Amino acid sequence: IFYDGALWLFNIMLDVFFREIRPRGSHKVPLEGPLIFVAAPHANQFVDPLIVMRECNRRVSFLIAAKSMQQWAIGFLASFFHPIPVKRPQDLAEAGRGRIHLLNPKTDPLKIQGMDTKFTAQLQPHDSIILPRNAGIFKITRVISDTELLIASPIIDKKALEHLTKSSGTAYKCLPHIDQDSVYERVYEELNNGRCITIFPEGGSHDRAEMLPFKAGVTIMALGAMAKYPGLDVKIVPCGLNYFHAHRFRSRAVIEFGNPITISADLVEQFKQGGQQKREACSNLLDTIFYALKSVTVNVPNDQTLMVIQAARRLYKPAHRRLHIAQVVDLNRRFVIGYNLYKDDPRVINLKQKVLAYNQLLKYHGLRDHQVPEINLRGWRTFFLLWYRVGVLIVWGLLSFPGSILNLPIVITAKAISAKKAKDALASSSVKVAGRDVLATWKFLVGMVLIPTLYGLYTLIVLWICMKSGLDWFQTMLYPLLTWTMLPFVSYASMRFAENGVDVFKSLRPLYVALVDPDSTANLRQLREKLSQDITEVINEIGPDVFSDFD
C-alpha cells in the first residue's frame, strides 16, 4: 500500500515536471520471475529510478548510496520503495596527507613513495588510492611504512604517470575497501523470492554525453544469485533513459526497454569456479549488458558531436511520416551508429562542416532550426501574424498570471537550491561536467516540500481574513477549504497557459527577423533546404548498408 501510494504521488509530480514521458518496449518486460533492471545513462540522479518504477510494470527495489539515505528528505521518500543501501568507497574517501610520486616507473613500477605522508594511519591492504580528476585508481597490496607502499599492478595510463612522475608529486585520496557481502546476500534473497532490483551500473549520476564505464557489481548479483540458488532464472532487462534537456522543467523523456538478457548455465558454472574463471564470467556478462544498453541509448563522445547528430536528424526528411518522440530517439541512435561507421567518409566530413556552419548562422540570427520554415511568408502576412501572436501572448500571459505569482516563491527557491546543489556536486565529483544531473532532482524535492507548505500558508491566510471579516462559521470554514482545494487546479491551469504562452513567444522571433531582414532570412531558408536535401541524399545512400530495416 505504501509503495503504491508513494508511486501514485510521484507520478503526479513527474507529470507536472515533464511535458511528456514516453515508454518504448515495455511489453518486453517479463511480468513474472526475478529481474534486474539495469538503467543508463544515469543523467538525472533520483528522478531516474522514479521513471523506471513508473514504466516497468513491476514493483522494484533499487540500490541507493548509503550516503543518500542519510539525507533526511531523500532517505524518508526512498524508504517507501524498499531501497537497498550501498556504502560506496568514494563516499568515504578522505584526502591523503602529503603528496605521492612514482620514483622509478621502469625499475620499481609498484612502489609508491610519499612526501610528508601517513600511509600506516590512513591506508591498509585492499584499500585504494585515487588521483585528482579520476586520473587513476590503484589497489594497495602492502603498506611498508608511512612513506612507502606497494600497488597491485604497474601504472600504464599516461595521465596517471604524468601526475605521479612530477618532481613535486601529486595530491591523492584514500578509498577504504568495503565488504559488500551483506548487500549481495540481500539482493540474492530478493531475486530468489521472484522480486525485481533496479541498478545503475555506472555507479553514480553524471551529465556526460556518453555512458561511464560499468561497475561489475550487477554481474556478481545476477551470477551469484543463480549460483547460490540452482534453478533460479534471473533475467536482466536493459533500460535506456533518454532525455531532451534532462534538468529543465517541462522537458521530455523516453525510457526504452531492451530485450531481456538470459544468463547461460555455462556462465554460471564458470562463475562458480572462482578466481580467474569468475572474473572472466563477470567480464563477459558485463560486456553483454553494456552492448544491450548501447542499443537503447544515444552515446556520443562529446557534446559537439551530439549537437551535430541532433541537427542532422532535424534536417533529415524521412519519407511520408512525422515522427513521435520515441521514434526521434531511435533515429538519433541510428544516426550515431551511422556516424561512427562513416565519420571518416568525405561526404560525412563535408556535411558535418556544413551543419556546424548552419548552426553558427542560426546563433547569429537568434533562431532555432525549427523556426526557420516559419519565416517563409509575405511581408504583409508576416506583419499581421506577428501582431496577432502578440495579442495571443498577452491573453496567455493574463491567464497564467495568478498561478505564476502564487508559485513564484517555489520557482525562485527551487532554482536557488538546485543551483547550489549542482555546484556542490560538481566540486565533489571527478566525472561531472557541470553538475546538471542533480538539478532536476532538487527542483523535484523542493517542489514536493514547498508546494503543500505554501498552499497551506495561503489557506491559513484566507482563514485569518474570514475570521477577521466576521463571517459566519460555515463561510469561515468553506472559503479556506475551497482555497486549499482549488489552488492545485489553478496552478496547473496557469502552468499550461504559461506553457502555451512560451511557445507563442518563441514563435515571435522568426516573424520579427523576417520583417526586418527579409533577404537574410530568405538565404537562410534556402540554405536549410539545400542542407536538408544533401543530408537526406547521403543518408538514403548509406542507410541500407548499415540497417537492414532501412526504409
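Arginine 334 and aspartate 330 form a salt bridge, with the closest N and O atoms 3.1 Å apart. The two residues sit 4 residues apart in helix α12 (residues 325-342), so about one helical turn separates them. This is a predicted model. Across the whole structure, a search finds 29 salt bridges.

**Salt bridges**

- Lysine 111 pairs with aspartate 108, the closest N and O atoms being 3.9 Å apart.
- Lysine 111 also forms a salt bridge with glutamate 148, again with the closest N and O atoms 3.9 Å apart.
- Lysine 111 is partly exposed at 21% relative accessibility.
- Glutamate 148 is partly exposed, with a relative accessibility of 21%.
- Aspartate 108 counts as partly exposed, at 27%.
- A network of salt bridges links Arg19, Arg250, Arg496, Glu499 and Asp503.
- Side chains of opposite charge can pair when their charged atoms come close.

**The seven-stranded sheet**

- An open sheet of 7 strands runs in the order β5-β11-β8-β9-β10-β7-β6, and its pairing is antiparallel.
- Strands β5 (94-95) and β6 (99-101) stand at the edges; each has a single partner strand, so one side of each is left without a neighbour in the sheet.
- Strand β9 (residues 137-145) and strand β10 (residues 148-151) run antiparallel and are joined by 4 bridges.
- Within that pairing, arginine 142 has leucine 150 in β10 as its bridge partner.
- Strands of a sheet pair through backbone hydrogen bonds, either parallel or antiparallel.

**Domains**

- The protein chain divides into domain 1 (1-86 + 180-295), domain 2 (91-175), domain 3 (303-374 + 526-545) and domain 4 (380-516).
- The centres of domain 1 and domain 2, taken over C-alpha atoms, are 33 Å apart.

**Annotated transmembrane spans**

- An unreviewed UniProt entry carries the annotation "transmembrane region" for residues 386-412, 444-465 and 477-498.
- In the model, residues 386-412 are 100% helix and 0% strand, and the end C-alpha atoms of this span lie 31 Å apart.
- Residues 477-498 are likewise 100% helix and 0% strand, with 32 Å between the end C-alpha atoms.

**Alanine 73**

- Alanine 73 belongs to helix α4 (residues 72-78).
- This alanine is buried, with a relative accessible area of 17%.
- Alanine 73 and methionine 467 are 394 residues apart along the chain, and their C-alpha atoms are separated by 35 Å.

**Confidence**

- The mean pLDDT of the protein chain is 89, and 98% of its residues reach 70 or more.
- Among the elements of the chain, strand β2 (residues 35-40) has the highest mean pLDDT, 95.
- Helix α4 has the lowest, 82.
- Where pLDDT is low, the predicted coordinates should not be read in detail.

Methods
Residues numbered from 1 in each chain as written. Predicted model: local features only at pLDDT ≥ 70, side-chain atom pairs only at ≥ 80, totals over all residues. Heavy atoms only, no water. Pairing = 2+ DSSP bridges. UniProt positions renumbered as here; feature names shortened; annotations may be inferred. Buried < 20%, exposed > 50% of the residue type's maximum accessible area, 1.4 Å probe, protein only. Domains from an automatic or database assignment. pLDDT = per-residue confidence, 0-100. Salt bridge = Lys/Arg side-chain N within 4 Å of Asp/Glu carboxyl O.
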